[in-house]
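Let's take a walk through this protein together. Have the sequence and the 3D view open, and we'll go from the whole chain down to single residues.

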Amino acid sequence: MIDSHCHLADEKFAADLPAVVARAREAGVLSAMCILSADEAPELARIDVVREAWPEVRFAAAIHPHRAGAYAGRAAEAAAVTASAVDAAQAVAVGEIGLDYHYDFSPKDVQREVFAAQVELAVSRGLPVVIHTREASEDTIAVLREAGGGQVRGVMHCFSGSLAEARLALDLGFYISLSGILTFPKAGELRETARQLPVDRLLVETDAPFLAPVPNRGKRNEPAWVRATLETLASVHGTPADVMASHVAANFRTLIGDAR
């Protein structure tokens, strides 16, 4: 298995990261993509710590939509900050980027400008994007189409939307990554949507330390628990878990351009 999205450089893992990695390996998690906040120095300072603890980990870096407000009128600077973090981490993706209209921590127009600038950066680098979108599906797809110029590729992280929204992403050639939300008792509609998605476009993630799956809901999430999401996804597809694990691992390698 591969955890396609987690935050191992978060301070919540500072005290016991080696143990977290050991549990992930014991659970059969081969690798993970660690998401970095490009303009938060403490996270960037932990790149080497994460890499030493888990050499197989890959990185993504970007400015999250919640932090976009600091770059009002300076979208090009935001992209430059992201580019520097991508270089520092030898990142394989630009993310997470996108739009969040639920919390509105940053003005919507600024979110869109910073998002577009980072999409353009990703395209110029030939890197996929990791998309965060909440209550902003229409605008998210519009920015990807316009700023991506038909060349953008990537993944919709922590997908919890409708089948129609998933199809918009699939039409762009994107992957759909499912989190622990898939295991929640009230997520029946999401499970039905996941059942209808093609297996060659699926990924699984933890978003650790957030969104722990059942039966660990409410606890600090960690990569080992991606197994619960994978097993739920396999179940809704009527596929053995080991077969689904092979699919999502291959999909992840294709996403990041890893030919191994």
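This is a predicted model: local features need pLDDT of at least 70, side-chain atom pairs count only at pLDDT 80 or more; totals for chains, interfaces and linings use all residues.

Residues are numbered from 1 along each chain as its sequence is written, and side-chain values use heavy atoms, with hydrogens and water left out.

Let's begin with the chain as a whole. Its secondary structure comes to 10 helices and eight strands; helices (H or I, at least four residues) and strands (E, at least two) are DSSP runs, numbered from the N terminus. The radius of gyration is 17 Å, close to the 18 Å that the globule rule gives for 260 residues, so the chain is as compact as a globular protein of that length. That radius is taken over C-alpha atoms, and the globule rule is 2.2 Å times the number of residues to the power 0.38. If you want a box to picture, the C-alpha atoms fill one of roughly 50 × 40 × 35 Å, taken along the principal axes.

How much of the chain is buried? Of the 260 residues, 55% count as buried, where buried means under 20% relative accessible area, exposed means over 50%, and partly exposed is in between (1.4 Å probe, protein chains only). As for who touches whom, residues 24 or more positions apart account for 74% of the contacts with a separation of 6 or more; a contact means heavy atoms within 4.5 Å.

Now for the pocket. Rolling a probe the size of a water molecule over the atoms shows where empty space is left. Here the work is done on a 1 Å grid over the protein atoms alone: a cavity is a set of points where a 1.4 Å probe fits but cannot get out, while a pocket is an open set with protein on both sides within 12 Å along at least five of seven lines, and lining residues have an atom within 4 Å of a point. The largest pocket has a volume of about 1,000 Å³, with grid points joined across faces, edges and corners and the volume being the space filled by probe spheres set on the points.

Which residues lie nearest the centre of that pocket? They are H64, E96, H132, H157 and D207, out of a lining of 38 residues. Elements that each supply at least two lining residues include the strands β2 (31-37), β4 (93-100) and β5 (129-134), and also the helices α6 (137-148) and α7 (163-171). By class, the lining has 14 nonpolar, 12 polar and 12 charged residues. In this scheme Ala, Val, Leu, Ile, Met, Phe, Trp, Tyr, Cys and Pro count as nonpolar, Asp, Glu, Lys and Arg as charged, and the others, Gly among them, as polar.

D207 is in the loop between β8 and α9, has a positive phi of about 60 degrees although it is not a glycine, and counts as buried at 9% relative accessibility. The loop between β8 (202-204) and α9 also holds P209, which is joined to A208 by a cis peptide bond with omega about 15 degrees.

E135 has a positive phi too, about 55 degrees, and is not a glycine either. You'll find E135 in the loop between β5 and α6, where it counts as exposed at 54% relative accessibility.

T229 is buried, with a relative accessible area of 1%. Its side chain reaches the backbone nitrogen of G180 at 3.5 Å; a polar contact is a pair of N or O atoms within 3.5 Å, where within protein one must be able to donate a hydrogen and the other to accept it, and residues adjacent in sequence count only if both atoms are side-chain atoms. Not counting residues up to four places away in sequence, T229 touches L178, S179, G180, L182, T183, V204, E205 and P213.

Finally, Q118 is in helix α5 (residues 108-125) and is buried at 1% relative accessibility. Leaving aside neighbours within four places in sequence, Q118 is in contact with A62, I63, T82, V94 and I97.
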